[in-house]
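The sequence and structure are shown first.

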Amino acid sequence: MDYDDIELLRSRHPAWGLLSSRNAALVLAFLGRVFVDASASNVPAPTLINELDNELYALNRRLAPDDGTDRFPRSAKEYLDDWSAPERGWLRRFYPPGSDEPHYDLTPAAEKAMAWVRDLDARSFIGTESRLATIFELLRQMV
């Protein structure tokens, strides 16, 4: 990849936008808990709004600055509308057949960003000795 390719990705790819957003920690933690950890998809809007409202309340209480303002001042619905806007592309909002209320699902871009962040924490050091032991064990099994 050259400079122009990377600059194009940086400016247009939803996963990169998510990772560089001001509220990346909120978005990744919340969507990871609700969608990935719970293996959920097609979550109804009222359920997701309620979950996010609880999360925002808890975070605003815990992270309250000295001036009394909220760290996350918008409503849960406003955040979900923003995250599902076409220019963001972190959530997919759709109406299932026979339903009058929107449902949400993760986009592949949000899943990529989440997987990348989770992989940062999951990496552990694999020493040369353990790699060598693995190779010898595989050779022994082949013989």
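## Surface patch, helix packing and loop

Met-142 is found in helix H7, residues 128–142; helices (H or I, at least four residues) and strands (E, at least two) are DSSP runs, numbered from the N terminus. The model is predicted: local features need pLDDT of at least 70 and side-chain atom pairs pLDDT 80 or more, while totals for chains, interfaces and linings use all residues. Residues are numbered from 1 along each chain as its sequence is written, and side-chain values use heavy atoms, leaving out hydrogens and water.

Met-142 counts as exposed because its relative accessibility is 68% (buried is under 20% relative accessible area, exposed over 50%, partly exposed in between; 1.4 Å probe, protein chains only). Together with Leu-132, Ile-135, Phe-136 and Leu-139, Met-142 forms a nonpolar surface patch with about 540 Å² of accessible area.

Helix H3 (residues 24–37) packs against helix H4 (residues 45–62) at an angle of about 135°, with the axes 11 Å apart. H3 is therefore oblique to H4 (under 35 degrees is roughly parallel, over 145 roughly antiparallel, 65 to 115 roughly perpendicular, the rest oblique).

The loop between H3 and strand S1 (43–44) holds Ser-39, and Asn-42 is in that loop too. Most residues other than glycine have a negative phi. The table gives the values for these two residues.

| Residue | Phi | Relative accessible area |
|---|---|---|
| Ser-39 | near 50° | 68%, exposed |
| Asn-42 | about 55° | 38%, partly exposed |

How values were computed:
Patches are made of residues with over 30% relative accessible area and no salt bridge: like charges are joined within 9 Å, nonpolar side chains (Val, Leu, Ile, Met, Phe, Trp, Tyr) within 5 Å. Accessible areas come from the Shrake-Rupley method with a 1.4 Å probe; for residues, only the protein chains shown count as cover. A salt bridge is a side-chain nitrogen of Lys or Arg within 4 Å of a carboxyl oxygen of Asp or Glu. Axes are lines fitted to C-alpha atoms, for helices over the stretch in contact, and angles run from 0 to 180 degrees between N-to-C directions.
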